Amino acid sequence: MEIEESEAPPSPRQPKEPPKIRRLDVSVVNRIAAGEVIQRPVSAVKELIENSLDARSTAINVAVKDGGLKLIQVSDDGHGIRYEDLPILCERHTTSKLSTFEDLQTVKSMGFRGEALASMTYVAHVTVTTITEGQLHGYRVSYRDGVMEHEPKACAAVKGTQIMVENLFYNMVARRKTLQNSADDYSKIVDLLSRFAIHHIGLSFSCRKHGAARADVHTIATSSRLDAIKSVYGVSVAHNLLKVEARDDDPSSSIFEMNGFISNASYSAKKTTMVLFINDRLVECTALKRAMEVVYAATLPKASKPFIYMAITLPPEHVDVNIHPTKREVSLLSQEVIIGNIQSVVESKLRNSNEARTFQEQTIEPSASCPIIASPTVAKKDRHYNPSSSGPKSQKVPVQKMVRTDSLDPAGRLHAYLQAKPLTNLENTNSLTAVRSSIRQRRNPKETADLTSIQELLNEIDSKCHSGLLDIIRHCTYVGMADDVYALVQHNTNLYLANVVNLSKELMYQQVLRRFAHFNGIKLSDPAPLPELITLALKEEDLDPECSENDDLGKKIAELNTNLLKQKAELLDEYFCVHVDEDGNLCWLPVILDQYTPDMDRLPEFVLCLGNDVDWEDEKNCLQGISAALGNFYAVHPPLLPNPSGDGLQFYKRSKHLSASDDGIDFSDNGGNDNKMEDEIDHELLSEAQMAWSQREWSIQHVLFPSLRLFLKPPPSMATNGTFVQVASLEKLYKIFERC
Ligand code: ADP
Ligand code: MG
């Protein structure tokens, strides 16, 4: 949030008197509040559409100029606004939807705080044209800073209300500038309209650039959700959807109903689309989205960026809609139970559909006309959605050609079978083995061998898994980080310290094996030259960096290793998505866990390890070595910069401290003078460190632990090597407290 007019803060060198507290000018207060409610053009559009929905409209049309900064115009055919209400329409906290606080608990309308229109008038020029039923003419009036600029003027009008918001953020220079630079506001608005259009299917929506003949979203009222999805997101999406439903009527756990559509194994996209409505309110729920991504990654790794539409209904009193300034997020009673419930419904739906495909494959006789597996070059980084390889067209393929050998299609890979839920009876297992071997015959021998050794490594992980630890990991609650390496977790009544570095290293290693040859890629913004990375890593390891003999040796090692990795480039790329180009630059790395990128400071160490520690002769050892090197690289190591929230803060003071004492000034005795001490901090480095550490903690809580719960098969060594240490049993603690 920016307040352009505010005075510069007092310099830290001024005497330390408490600053005087002043009352802010009302117009500043209103503008600050407005800036929170209307963060970007798309938030204004959302508020306006919600008002039109509340006004029981059946058609809502949006026109936008210059990404919404110049003009947003929303027209509806709703009940209109009464003439008498126009004077207070845009004052803050004027609403027709709520009168007592208790109403808030059962509110069903989209709006209720009477803030949206008012906010818009503080940061833009708003003009309202409206007509109510039975009137001969409508009224038009403009607003600024919450009040009418003139008396409403009579005008011709069509049923409903039209609101024009012009010159958004004209008085917030900084925000206008940042938004002008971003080109994607119009696409955000189109995306918003698309979401509304597939939920409110009884209404027609349109969205166009002002003056454009063609609308970018255009739907007509329909009774079929799939038709609506088809007209907004296209046939290729609509044909790859599965219907899902879930409900819980048990008042002791959670009461809810969910209906939706989720994408199947044939759908693949670059990013997840999650359209979520809770009690008809378009919201975001990061926890649910994450839970869905995790299920897809586990069941359909190749289709792990799903399309999901879900509508959840709950008793209104179970939803707190008032937790976010733009009402974008809501909080739910028993959220975890609901998410868990939905997660298992989705998981079984996906598994069933995947098994149905497997079954279909089993009935196919190997045929000479079947194409051989796509060549490695085709299987490369073309990870874009390709409608021609899936969807309706593939259904027209003759049955004998239905063995899917397209690398873009997960069912064509053995991987898809390995990921499928273990079959329960022997007969199925046998037929599955038969299918596997028939498919293997059609692959070249090299690939068969590779897959076998990966399968062996995976089997080892499964057979060694420690069931006690597995239970703890699956059902533990993350409490927080106890220090740089140990997280505190609770399982039933026990508290444990868990070493996140060890845990993540093992998890990443296992995930590399599971995603083997099926990685999405992270493209490095600048290709990194291998020789430089290796030299850097050698310097870090080197105890005596000055010695020139070492330098020559270093060069030699860098050259040898670069050549070695260039030779292995095809294998690294094809199986691990570690792409080294012809000039010896590293360009791509794999995504091992979604939403997680490794700490690039550790890239040199990783490259050195690939060259030095991997046994390139023996196939199984080689694949295991590369997987372990990736595991180590991607583990959530503490950032290289010391943790500034503890003793590490000294590190950021020290550097300038030394240079200050070089000048003969010593601040160390100057204990009372905090201002001077603060000045000695390297702020840039400090904020970089703070960022790295908080990012890591976020990833530990939101990515690592949820993924550990789903994927990790802990080896028995973790029970004894300090990865898990029980620190307290709450039962015993309670007993101690009882005695006190
Ligand atoms: P809220 O929606 O929280 O009530 P707003 O500032 O968004 O607050 O709107 C204020 C009031 O203006 C609404 O309560 C409603 O009575 C009226 N209103 C706004 N937009 C429309 C519209 N498109 N059609 C009819 N009435 C509207
Ligand atoms: Mg509103």
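Start with ligand 1 and Leu117. An oxygen atom of the ligand sits 2.9 Å from a polar backbone atom of Leu117. That is a polar contact, meaning a pair of N or O atoms within 3.5 Å; within protein, one must be able to donate a hydrogen and the other to accept it, and residues adjacent in sequence count only if both atoms are side-chain atoms.

Ground rules, quickly. This is a predicted model: local features need pLDDT of at least 70, side-chain atom pairs count only at pLDDT 80 or more, and totals for chains, interfaces and linings use all residues. Residues are numbered from 1 along each chain as its sequence is written, chains are lettered from A and ligands numbered from 1 in the order written, and side-chain values use heavy atoms, with hydrogens and water left out.

Back to the ligand. Asn51 places a polar side-chain atom 2.8 Å from a ligand oxygen. Thr161 has a side-chain N or O atom 3.5 Å from a nitrogen of ligand 1. Taken alone, ligand 1 exposes 530 Å². The protein buries 94% of that. Those areas are Shrake-Rupley, with a 1.4 Å probe; for residues, only the protein chains shown count as cover.

Which elements give two or more residues to the shell around ligand 1? Helix H2 (41-54) and helix H4 (116-123). Helices (H or I, at least four residues) and strands (E, at least two) are DSSP runs, numbered from the N terminus.

In total, 20 residues surround the ligand, each with a heavy atom within 4 Å of it. The closest are Thr95, Ser96, Lys97, Phe112 and Gly114. The shell splits into 6 nonpolar, 10 polar and 4 charged residues. Nonpolar here is Ala, Val, Leu, Ile, Met, Phe, Trp, Tyr, Cys and Pro; charged is Asp, Glu, Lys and Arg; the others, Gly among them, are polar.

Next, a sheet. Three strands form an open, antiparallel sheet, in the order S20-S22-S21. Strands pair if DSSP finds at least two bridges between them. S20 (521-529) and S21 (579-580) are the edges, each pairing on one side only. S20 and S22 (residues 585-590) are joined by 5 bridges. One of the bridge pairs is Gly521 with Pro590 in S22.

Last, backbone angles. Arg56 is not a glycine, yet its phi is positive, about 55°. Arg56 belongs to the loop between H2 and strand S1 (59-65). Buried or exposed? Arg56 is exposed, at 65% relative accessible area. The cut-offs: buried is under 20%, exposed over 50%, partly exposed in between (1.4 Å probe, protein chains only).
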